[in-house]
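Please look over the sequence and the 3D view before reading on.

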Amino acid sequence: MTETEVVIVGAGPAGMLLSHLLDAAGLDNVVLERQTRQYVLDRIRAGVLEWGTVETLREAGLGARMDAEGHVHDTINIAWRGEDVLSVDTNELLGRQMMAYGQTRIQEDLYAAADARRAQVVFEAADVALHDLDTDHPSVTYDAGGGTERIGCAFVAGCDGFHGVSRLSIPDSVRTEFEKVYPFGWLGILAETPPLPILLYANHERGFALCSMRNPMLSRYYVQAPMTDSVDDWSDDRFWTELLARLPAGQADRIVTGPSIEKSLAPLRSYVSEPMRWGRLFLAGDAAHIVPPTGAKGLNLAVSDVRYLARALIASDAGDDTYLDGYSDMALRRVWGAVRFSWWMTNLLHRFPDQTAFDQRAQEQELSYLASSESARRSLAEQYVGLPYE
Ligand code: RFL
Ligand code: PHB
């Protein structure tokens, strides 16, 4: 059996950022990842960073490529009734911006930094299991092809996403789950075409649509689609026709279409598991909570959890457990802020299968209110750019 300070389960953005911050403070850690490195790098996910995330990455020394290649957004744009585009200028309202920089790139930056510091990351670790979490010396077992290995540690960080083992290692009697599943998904494509220069959300009678970007020659678009559809039902032609039909003519005319290089259908769900700590296990990121992508919050929450958790583990190593004991409550305050906001954005912008005439009018009124009230726009803006850290 080997020994380390912290075993981190999962080498996604949460796990790798935690490893980075702990190594910088001299806290020994080992990361165990079920997939191959390439598999993790190939997952196309988030694209918009809160400014707090940008600053966290910069402070960690991970900002160089982001600052060189990321695209700064000043506005969140919402189209509805076919023509109106409501532009919420977060820079004008709050002096804060957002950064378009793909999760794929962040993951590459984190792995490059891990290589440079010779971090201990085990890929293709099968059958990861957590033991003795309610004692002061837990351990983690796994099989990386050479039989079962065991690592003893002081703490386990569960950064293994929604389908991981960490959350399920907390006894049912201790956990409370809160969940909402939405009756549709997002069909997303990547295309090597110049993107719209703005982030544009659309509420349309045919369903929601979103125009986003990765870089000057890589566009990311989504349309709301039933989860009963499969990716094979969506030829590129069908996708582009549907996207353009959901955008105002003035914006649709500016879209450059082309062959897709990736296409996927993702479900929309809100989910929180409380508490985020049990004994010596601490959950961070999607392992503890899921938000629908409408508010662009999932990756940002993973980063804020890790920011809190790294500070707590480093303080504990120096003899102060205050942050460690407060971790779950502090993280959950921010999580619920993002969960509520993402749920609200989802309700504002999608067409629900059972939407009544009343629901429809209420949704339109909410959009009109945003258009007419600076207070309403300011509220949207401050939540979208991200509330301050504690
Ligand atoms: P991840 O990224 O899922 O990483 C968890 C890692 O743990 C591994 N793992 C295991 N390892 C060992 N043993 C086991 N038993 C394991 N089980 C799992 C997995 O292989 C994986 O490598 O979670 P993490 O690190 O918490 O990061 C969370 C983010 O990935 C996620 O919240 C975002 O991608 C969500 N999201 C967005 N977030 C934003 O902030 N802004 C956005 O614009 C945004 N857009 C999106 C999104 C997510 C999307 N999809 C597909 C879910 C758009 C989409 C379409
Ligand atoms: C993305 O660029 O993938 C993206 C942008 C905004 C969202 C969700 C995803 O709300």
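## Terms and basis

A residue is called buried when its relative accessible area is under 20%, exposed when it is over 50%, and partly exposed in between, using a 1.4 Å probe and protein chains only. The model is predicted: local features need pLDDT of at least 70, side-chain atom pairs count only at pLDDT 80 or more, and totals for chains, interfaces and linings use all residues. Residues are numbered from 1 along each chain as its sequence is written, chains are lettered from A and ligands numbered from 1 in the order in which they are written, and side-chain values use heavy atoms, with hydrogens and water left out.

## A buried arginine

Arg-334 sits in helix 10 (residues 322-349). Helices (H or I, at least four residues) and strands (E, at least two) are DSSP runs, numbered from the N terminus. Arg-334 counts as buried because its relative accessible area is 12%.

Its side chain has two partners to check. The Arg-334 side chain makes a polar contact with the side chain of Ser-304 at 3.3 Å. The Arg-334 side chain also reaches the backbone oxygen of Leu-387, at 2.5 Å. A polar contact is a pair of N or O atoms within 3.5 Å; within protein, one must be able to donate a hydrogen and the other to accept it, and residues adjacent in sequence count only if both atoms are side-chain atoms.

## Strand 2 and its neighbours

Strand 2 covers residues 6-9, and both of its faces are covered. Val-6 and Ile-8 are buried on one side, Val-7 and Val-9 on the other. The chain runs from strand 2 through helix 1 (residues 13-24) to strand 3 in a right-handed β-α-β crossover. Right-handed means that, with the strands pointing away from the viewer, the path from the first strand over the helix to the second runs clockwise.

Strand 2 runs parallel to strand 3 (residues 29-32), joined by four bridges. Here Val-6 faces Asn-29. Strand 2 also pairs in the parallel sense with strand 13 (residues 155-158), over four bridges. There Ile-8 stands opposite Ala-157. Pairing requires at least two DSSP bridges between two strands.

## Around ligand 2

An oxygen atom of ligand 2 is 2.6 Å from a side-chain N or O atom of Tyr-222. For the side chain of Arg-214, the distance from an N or O atom to a ligand 2 oxygen is 2.8 Å. Thr-294 places a backbone N or O atom 3.3 Å from an oxygen atom of ligand 2.
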